[in-house]
Amino acid sequence: MIRKSQHGSGVIEILAVVSFMSLLLVIAGANLQALNSSSQNGAATLLAFFKTARTKAISTTVAYRIQPLSATQIVTRFGADCDEATVTFPDPDLSLDLPDGAIVTNTDWTLCYTPRGVSDDNFTISVFDLDNRSKTLEVLLGGAVRLYED
C-alpha cells in the first residue's frame with residue numbers, strides 16, 4: 001500500500017491564519033491611533049515621569065522635587081524632605097524633555113514627593129500640542145497621577 005504524503009497547508013488553515021493576522025492588525029492600529037497626537041504623547045510621557053520620580057522617592061527614602069525649567073524640559077532634585085532648603089541635589093538621571101510638539105503652558109508649579117511617595121500638593125497640569133489640543137494630568141495628594149481626556 002502506497003501512502004500519499006501531504007505537503008503544504010489546506011485552504012482552511014490559510015484562511016484561519018489570514019483572519020487571525022487581520023484581527024491583530026485591526027487591534028494594533030486602533031491602539032496606536034491614539035498616539036498620533038503630540039499632546040497625548042507628552043501627557044503619557046509626563047505621567048510616566050511622575051510615576052518614576054515617585055518610585056525613586058520611595059525606593060531611596062528621600063524627597064524628590066519636580067519642576068519645569070521651560071515649557072518642554074522638566075527636572076528633579078532630591079533631599080531629606082520636601083522643604084525648599086533641603087531639596088538641593090539635582091538628579092542627572094531623572095530629567096525629561098517632552099516629545100516634539102508637546103508643551104506645558106504653565107511653568108510656575110513644583111511637585112514634591114515625600115520619602116513615602118506622598119505628593120505635597122493636589123493640582124492639574126495641561127499638556128498642549130501645536131494644534132491646541134490638550135490632555136490634563138491631575139496629581140493627587142496621595143501621590144497618584146491621573147490622565148484626563150479633554
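What follows is a short chat about the chain and a few of its residues.

Modeller: Heads up, this is a predicted model: local features need pLDDT of at least 70, side-chain atom pairs count only at pLDDT 80 or more, and totals for chains, interfaces and linings use all residues. Residues are numbered from 1 along each chain as its sequence is written, and side-chain values use heavy atoms, with hydrogens and water left out.

Biologist: What share of the residues is buried?

Modeller: Buried means under 20% relative accessible area, exposed over 50%, and partly exposed in between (1.4 Å probe, protein chains only). Out of the 150 residues in the chain, the buried share is 32%.

Biologist: Is Val-17 buried or exposed?

Modeller: Val-17 sits in helix α1, residues 11-33. Its relative accessible area is 51%, so Val-17 is exposed.

Biologist: Is Asp-91 buried or exposed?

Modeller: Asp-91 belongs to strand β3, residues 87-97. Setting aside neighbours within four places in sequence, Asp-91 is in contact (heavy atoms within 4.5 Å) with Lys-56, Tyr-64, Thr-76, Arg-77 and Phe-78. Its relative accessibility is 7%, so Asp-91 counts as buried.

Biologist: With which side chain does the side chain of Asp-91 make a polar contact?

Modeller: A polar contact is a pair of N or O atoms within 3.5 Å; within protein, one must be able to donate a hydrogen and the other to accept it, and residues adjacent in sequence count only if both atoms are side-chain atoms. At 2.9 Å, the partner of Asp-91 is the side chain of Tyr-64.

Biologist: What separates the C-alpha atoms of Ile-125 and Leu-137?

Modeller: Ile-125 lies in strand β6, residues 123-128, and is buried, at 2% relative accessible area. Not counting residues up to four places away in sequence, Ile-125 touches Leu-46, Phe-50, Val-104, Trp-109, Lys-135, Thr-136 and Leu-137. Ile-125 and Leu-137 are 12 residues apart along the chain, and their C-alpha atoms are separated by 5.2 Å.

Terms used
Helix = DSSP H or I, 4+ residues; strand = E, 2+ residues; numbered from the N terminus.
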